[in-house]
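Please view the sequence and the structure alongside the text.

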Amino acid sequence: MSAAPVERHVLKNRPGRRCVEFHGRMAETAFGRAIIDGRVRKRTDPERTRRLHERYLALHSALVAGRDPVWAGPRAPAITDVDMAAGWIEIEAFPGLALSRLPDGEARRRGLCGVARALAVLEADPVAAARWPDREWSAAREIENLARLWSGSGRPWPALAMPLARALAKHGEGPRVPAHRDLNEEQVLLDPERPDDARHWVDWDQASHAPAGLDLGNLLAHERLRALRREDEVGALEPPHRAAVVAAYREAGGRARRRVVGAWEAAACLRLAALARDRAVAAAAYRNPEWVPLPAGDAAQAEHWARLLELTAERAFGFAAQGGIRED
């Protein structure tokens with residue numbers, strides 16, 4: 001790899017609310033540009049900066065401080081600088097390439113399974129649970145959030161929503177575990193030559209104690225959305241690596257049953273479907289296409305994605321509903 005000079009990129013900007021920038025060095029690889037080193041600066045208001053500072057300090061204590069380098073759970077980036085009054089915080093930029101850059105194939109399968117194994121380790125770790133940021137998320141809050149998003153989309157709830165809400169209320173609460181709460185292919189940095197080591201996760205802003213299975217369900221739902229971005233409708237309905245990822249999670253000791261994972265995956269698909277239809281949300285923020293996936297390009301494409309995401313939710317919930325969610 002040949003190193004480039006220090007660069008500055010605006011990754012995402014929501015005027016008046018938040019701006020995220022990268023400052024650092026990058027290099028060309030066979031899969032695209034990879035980070036060598038640098039930092040990410042998040043500009044927001046002073047109160048949110050204070051909360052982010054507290055959250056990342058807790059995450060460093062839970063996932064980095066005193067950990068053996070070979071610990072199999074995920075890592076969170078360290079804080080490099082902060083200015084509370086000015087309303088910004090800087091965190092280290094992990095080296096590597098986003099998992100999203102890897103094409104479907106063996107390396108991508110290994111990367112996704114590495115994420116699943118690291119997630120299982122995180123869910124079972126008592127040190128992380130004790131030191132985790134003091135924030136709670138529940139199945140009830142997920143259902144409330146879905147209702148709010150669907151109301152904002154101007155569409156009635158899909159037929160799946162009520163049975164899914166009942167299933168999550170009954171079986172989705174489960175034990176609270178340390179959770180990322182926005183886990184997807186963009187949040188994992190890795191070396192494409194060593195994709196099994198998929199422990200460097202970024203953007204921990206939503207970290208919470210949440211029900212087991214929520215993170216894995218979100219990761220799998222975004223795999224379906226990834227296929228839609230690639231105009232691969234078959235891949236959206238049947239993600240190529242789904243079974244291997246769930247198996248890796250369970251074999252590593254993941255606490256959520258397969259059918260509970262399917263219910264959380266369905267919930268995430270419905271959330272993404274509602275967001276795809278909300279054009280105001282899509283227009284509210286600038287996204288750098290080299291760093292952040294873009295929303296659907298126009299209303300017709302957004303509607304098409306939304307309908308397919310509803311179908312993928314039904315397919316995912318089939319894993320939860322077939323034979324009853326209590327079985328595994």
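## Confidence and conventions

The chain has a mean pLDDT of 93, and 96% of its residues reach 70 or more; pLDDT is the predictor's confidence in each residue, from 0 to 100. Residues 323-328 have pLDDT below 50, and this stretch has 16 contacts in the model beyond near neighbours in sequence (contact means heavy atoms within 4.5 Å). Where pLDDT is low, the predicted coordinates should not be read in detail.

The model is predicted: local features need pLDDT of at least 70, side-chain atom pairs count only at pLDDT 80 or more, and totals for chains, interfaces and linings use all residues. Residues are numbered from 1 along each chain as its sequence is written, and side-chain values use heavy atoms, with hydrogens and water left out.

## Helices α8 and α9

Helices (H or I, at least four residues) and strands (E, at least two) are DSSP runs, numbered from the N terminus. The axes of α8 (residues 242-251) and α9 (residues 258-277) come within 11 Å and cross at roughly 125 degrees. Axes are lines fitted to C-alpha atoms, for helices over the stretch in contact, with angles from 0 to 180 degrees between N-to-C directions.

On the α8 side, R242, V246, A247, Y249 and R250 meet R258, V261, G262 and E265 of α9.

## Sheet β6-β8-β9

Three strands form an open sheet in the order β6-β8-β9, with antiparallel pairing (two strands pair if DSSP finds at least two bridges between them). β6 (97-98) and β9 (200-201) are the edge strands, each with a single partner strand, so one side of each has no neighbour in the sheet.

β6 pairs with β8 (residues 188-190) in the antiparallel sense over two bridges. L190 in β8 is the bridge partner of L97.
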